[in-house]
Amino acid sequence: TPGTATPVDPLQEAIAAGFDGTPPEERTLRLLKDRKLGEVLLRTIRSYTNASAIDLKETTEALRVFRHVGLEDTARSAALQRILLDGSY
């Protein structure tokens, strides 16, 4: 459960923030309101894939978007994969 774990590094903090219940950015919410789910998901996947270890805001935002649109399992899988790839487990 991300909310009960204590983050020990910036990546884990970014992931925990992605699960803290904060909604996605306003721009994303506007696109969703305009029924542009496909565009939102493509942008989110691209930004998550390109997220760097230095600027983890994209990681947090992607997890928030996945969860907001009902892709909880995808968010959890993506977070676990990022941790494993980073080697910070």
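**Ground rules.** I first wrote down what handedness means: a crossing is left-handed if the near helix is turned anticlockwise from the far one by less than a right angle, and right-handed if clockwise. Helices (H or I, at least four residues) and strands (E, at least two) are DSSP runs, numbered from the N terminus. I am working on a predicted model, where local features need pLDDT of at least 70, side-chain atom pairs count only at pLDDT 80 or more, and totals for chains, interfaces and linings use all residues. Residues are numbered from 1 along each chain as its sequence is written, and side-chain values use heavy atoms, with hydrogens and water left out.

**Helix H4.** I began with H4, which runs over residues 57–68 and has 12 residues. From first C-alpha to last I read 16 Å, close to the 16 Å expected at 1.5 Å a residue (the expected span is 1.5 Å times one less than the number of residues). Which residues of H4 are buried? I listed Thr59, Thr60, Glu61, Ala62, Leu63, Arg64, Val65 and Phe66. Buried means under 20% relative accessible area, exposed over 50%, and partly exposed in between (1.4 Å probe, protein chains only). These buried residues pack against helices H1 (10–18), H2 (26–33), H3 (37–50) and H5 (72–86). Just after H4, I noted glycine 70 with a positive phi of about 90 degrees.

**H1 against H4.** Next I looked up how H1 and H4 pack: the angle is about 25 degrees, and the axes are 7 Å apart. Axes are lines fitted to C-alpha atoms, for helices over the stretch in contact, and angles run from 0 to 180 degrees between N-to-C directions. The two helices, H1 and H4, are therefore roughly parallel (under 35 degrees; over 145 is roughly antiparallel, 65 to 115 roughly perpendicular, and the rest oblique). Their crossing is right-handed. Ala14, Ile15, Ala17 and Gly18 of H1 meet Thr59, Thr60, Leu63, Arg64 and Arg67 of H4. I sorted the residues of this H1 and H4 contact into four nonpolar, three polar and two charged. Ala, Val, Leu, Ile, Met, Phe, Trp, Tyr, Cys and Pro count as nonpolar, Asp, Glu, Lys and Arg as charged, and the others, Gly among them, as polar.

**Threonine 60.** What does threonine 60 contact, leaving aside neighbours within four places in sequence? I found Ala14, Ala17 and Gly18. Contact here means heavy atoms within 4.5 Å.

**H3 against H4.** H3 and H4 pack at about 145 degrees, with axes 8 Å apart. I noted a left-handed crossing for H3 and H4. Val40, Leu41, Thr44, Ile45, Ser47, Tyr48 and Asn50 from H3 meet Glu58, Thr59, Ala62, Leu63, Val65 and Phe66 from H4. By class, the H3 and H4 contact has eight nonpolar, four polar and one charged residues. Isoleucine 45 of H3 is partly exposed, at 44% relative accessibility.

**Arginine 35.** Last, I checked the loop between H2 and H3, where arginine 35 is found. Most residues other than glycine have a negative phi. Arginine 35 has a positive phi of about 60 degrees although it is not a glycine. Is arginine 35 buried or exposed? I read a relative accessible area of 79%, so arginine 35 is exposed.
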